[in-house]
Amino acid sequence: LQDEFHLLPNLIFNAGLRYDYYDTFGGTTNPRLALIYKPWEKTNLKLLYGDAFRAPNVYELYYADNGVTAKSNPNLQPEKIRTYELVYEQYLGEHLRTSLSGFHYQIDDLITQQTDTDGLLIYRNMEKVEAKGVEMEVEGKWAEGLQGRVSYTLQEAKAKDTGELLTNSPRHLAKLNLSAPLIRKNVFAGAELQY
């Protein structure tokens, strides 16, 4: 369910609610809220909140190879995340959009692959994880279908109980994305670089 309420001509409140049911874990209800303020024609300020839920997949729950490298964990629990974000968007001319955002994520029971005491890989839930950071982005769109985006994110993701930084969660992330039409705006070629 989702609805949008115009509190003022330049202030919108958006509210959504999602319900999922899993045979293995039961039901979960997750809200999403947004307050969007437009002080000027080409400027948006957004305050965002959301809850999300991800059940472990079959591979994470049951993959095992008879003790060679991995073992299963049928007791794995779903992961849950709560997100907070503040976004400033500015449109420049007809083709460019810039944004600056700050975010804070709280994750419970993050599913992560670990090496057990017997040397085998296993998926387990981490207790609590916290991530925070800022992101800057510039995006361009032109009438001919050419599009491009460049962004930079500075973030820190760590286990809340130990303060240990998460693996596979880079502190710096830069992206470049380009897309161009090949055949009359129906077939596109695109490339994305991440560093």
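Predicted model: local features only at pLDDT ≥ 70, side-chain atom pairs only at ≥ 80, totals over all residues.
Visitor: How do S3 and S4 pair, and over how many bridges?
Guide: S3 and S4 pair in the antiparallel sense, over 7 bridges. Two strands count as paired if DSSP finds at least two bridges between them. Strands are DSSP runs (E, at least two residues), numbered from the N terminus.

Visitor: Which residue in S4 is the bridge partner of Tyr37?
Guide: Leu45. Leu33 has its bridge partner in S4 too, namely Tyr49.

Visitor: And S2 with S3, how many bridges there?
Guide: 12 bridges, antiparallel. S2 and S3 form a hairpin with 3 residues between them. Tyr22 stands opposite Gly26 in S3.

Visitor: What is the strand order of the open sheet?
Guide: The sheet has 10 strands, in the order S1-S2-S3-S4-S5-S6-S7-S8-S9-S10, with antiparallel pairing. The edge strands are S1 (2-8) and S10 (187-194), and each pairs on one side only.

Visitor: New topic. What volume does the largest pocket have?
Guide: About 410 Å³. On a 1 Å grid over the protein atoms alone, a pocket is an open set of points where a 1.4 Å probe fits, with protein on both sides within 12 Å along at least five of seven lines; lining residues have an atom within 4 Å of a point. Grid points are joined across faces, edges and corners, and the volume is the space filled by probe spheres set on the points.

Visitor: How does the lining of the largest pocket split by class?
Guide: 13 nonpolar, 6 polar and 5 charged. Ala, Val, Leu, Ile, Met, Phe, Trp, Tyr, Cys and Pro count as nonpolar, Asp, Glu, Lys and Arg as charged, and the others, Gly among them, as polar.

Visitor: What about the volume of the second largest pocket?
Guide: About 280 Å³. Of the 13 residues that line the second largest pocket, Leu110, Thr112, Met126, Leu166 and Thr167 are the closest to its centre.

Notes
Residues numbered from 1 in each chain as written. Heavy atoms only, no water. Helix = DSSP H or I, 4+ residues; strand = E, 2+ residues; numbered from the N terminus.
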